[in-house]
Amino acid sequence: MRWVEEFRDPRAIRALADALAAATTRPWTIMEVCGGQTHTIVRWSLPDLLPPAIELIHGPGCPVCVTPIAAVDQARALALRGDVTLATFGDMVRVPGSAGDLLSARAEGADVRVVSSPLDALALARARRDRTLVMFAVGFETTAPATAAAIELAAREGLDNFAVLAAHVRVPPAAAMILGDPARRVQGLLAAGHVCAVVGTEEYPALCERFAAPIVVTGFEPVDLLAGLLACVRQLEAGRAELEIQYRRAVRPEGNPAARAAIARVFAVADAPWRGLGVVAGGGLRIRDALARFDAARRFDLAPLAAAAAAEDARCRASAVLRGLLRPPQCPEFAAGCTPERPLGAPMVSSEGACAAYYRYARRHESA
Amino acid sequence: MCLAVPGRLLERWLGPGDVAYGRVAFGAVRREVCLAYTPQAEVGDYLIVHVGVAIQRLDEEAARQALALWAEIDALAVDEPASDPPEGTGSR
């Protein structure tokens, strides 16, 4: 088992594409929730292999993209205080806020560091006890365990110069919101494999039943995506609406109990604003009161994100892209006024953003 | 941020506060990973890692079953005349 090559095997891809064509008798609209899956779909030109009756809609599953602009503004303001070192993931430093991105704050003298893990930010806090280190932490249930680990270690070590500006969001409530939309076009969902690897799948059967939609927990390689689509289409064709796990090598129904327990110790479920979707009930995580000293929002008395307004660049159509109403190449600014080098909005910045996926892999379709 | 490629655990050790850490290879790239949530991970296991923390150990038996699904589909189609020769990768 080499774990990647087998799931990119051209013969497997062809066999699954043929099986999908044979299984499809009617038009179906299916959303892949996760931006990592969007990248696989676009990179491997999977829509070209699908029967024309199947329409894929790209979901909001890019944590950088759904982070409210107000959160970027708060991070930027903290970075510019002078007494704070702000650490965050590489994708976040180039997301435009109302008054510029975090890189431009660095040009103005702010101490902004790029880290690949909240644990690296914790190491920076250990090394410089005279400065407050704020980790600007975004992400789904996949990154929340790392943030929880950093906060628990900081508590254990008494690292009082460490704090987290947390913009963590939860996927199942957003999936419920998408399926419950009265104008919904989506008939089936491919759920995000790695989110489920952490939190499990216990919340999904109720959603399948309530919204009469099949949900297939799917992996990230082309064979995974096609097998997930095949399972979803077979359910739709048979009139079934059940939870299925395609990505069994990583997803157990109970998820990862140790990681879930850490998330529950550190965070409480809270309503949270998602860019594009608005405030999602139960759609985010807030640091628990017992750990409030590690919460940058409370330490620096920041406004709740749900109440903080921030101006988007009027030219950016990110909200429509994130709701599956607009394909990136349909945006007038795509690859013209908006590129990864000079992005107008987060979906063009992030390694999981739909606009970046089309820019990187599918511009040839547009020039054809 | 969401690195979807699995990595192989090369070595593991106990860090400060008795937290397990390991060195994980993602192709040619190696990095240190926190194993706090996958304490059962053994050297040689493949792990899913997000932002420096392993979130799950991959199950080889489940992977083989997933691959058997398409192999079954492929076997059903094998009697039909192939439009072009299979690009055998020897992975079956």
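Helices (H or I, at least four residues) and strands (E, at least two) are DSSP runs, numbered from the N terminus. On that basis, the secondary structure of chain B consists of one helix and five strands, in the sequence order β-β-β-β-β-α. This is a predicted model, in which local features need pLDDT of at least 70, side-chain atom pairs count only at pLDDT 80 or more, and totals for chains, interfaces and linings use all residues. Residues are numbered from 1 along each chain as its sequence is written, while chains are lettered from A and ligands numbered from 1 in the order in which they are written.

**Confidence**

- The model scores ipTM 0.92 and pTM 0.92.
- For chain B, pLDDT (the predictor's confidence in each residue, from 0 to 100) averages 83, and 79% of the residues score at least 70.
- Residues 81-92 of chain B have a pLDDT below 50, and this stretch has eight contacts in the model beyond near neighbours in sequence; two residues are in contact if their C-beta atoms, placed from the backbone, lie within 7 Å.
- Where pLDDT is low, the predicted coordinates should not be read in detail.

**Chain B**

- Of the 92 residues of chain B, 37% count as buried; a buried residue has 20 or more other C-beta atoms within 10 Å of its own, with C-beta atoms placed from the backbone.
- Among contacts in chain B between residues at least 6 apart in sequence, 24% join residues at least 24 apart.

**Interface between chains A and B**

- In the model, 34 residues of chain B are in contact with 46 residues of chain A.
- On the side of chain B that touches chain A, β4 (46-50), β5 (53-57) and α1 (60-77) of chain B each supply at least two residues.
- The largest share of that side, eleven residues, comes from α1(B).
- By class, that side of chain B has 23 nonpolar, seven polar and four charged residues; Ala, Val, Leu, Ile, Met, Phe, Trp, Tyr, Cys and Pro count as nonpolar, Asp, Glu, Lys and Arg as charged, and the others, Gly among them, as polar.

**Helix pair across the interface**

- The axes of α1 (residues 10-23) of chain A and α1(B) come within 9 Å and cross at roughly 75 degrees; axes are lines fitted to C-alpha atoms over the stretch in contact, and angles run from 0 to 180 degrees between N-to-C directions.
- The two helices, α1(A) and α1(B), are therefore roughly perpendicular to each other, a term that covers angles of 65 to 115 degrees.
- From α1(A), Arg11(A), Ala12(A), Ala15(A), Leu16(A), Asp18(A) and Ala19(A) meet Trp70(B), Ile73(B), Asp74(B) and Ala77(B) of α1(B).
- The contact of α1(A) with α1(B) has seven nonpolar, no polar and three charged residues.

**Nonpolar core**

- The largest nonpolar core has 159 residues, of which Leu16(A), Leu86(A), Ala191(A), Val53(B) and Ala54(B) touch the most other members; such a core is a set of buried Ala, Val, Leu, Ile, Met, Phe, Trp, Tyr and Cys residues joined through C-beta atoms within 7 Å.
- Helix α12 (residues 222-238) of chain A gives the most to this core, with ten residues.

**Enclosed helices of chain A**

- Ten of the eleven residues of α5 (residues 69-79) of chain A are buried, so this helix is largely enclosed by the rest of the structure.
- The cover over the buried residues of α5(A) includes β3 (84-88), α6 (102-107) and β4 (111-114) of chain A.
- Eight of the nine residues of α2 (residues 35-43) of chain A are buried, so α2(A) is likewise largely enclosed by the rest of the structure.
- Just after α2(A), Ser45(A) takes a positive phi of about 50 degrees.

Definitions and conventions:
A residue is buried if 20 or more other C-beta atoms lie within 10 Å of its own, exposed if 12 or fewer, and partly exposed in between; C-beta atoms are placed from the backbone. Angles under 35 degrees count as roughly parallel, over 145 as roughly antiparallel, 65 to 115 as roughly perpendicular and the rest as oblique.
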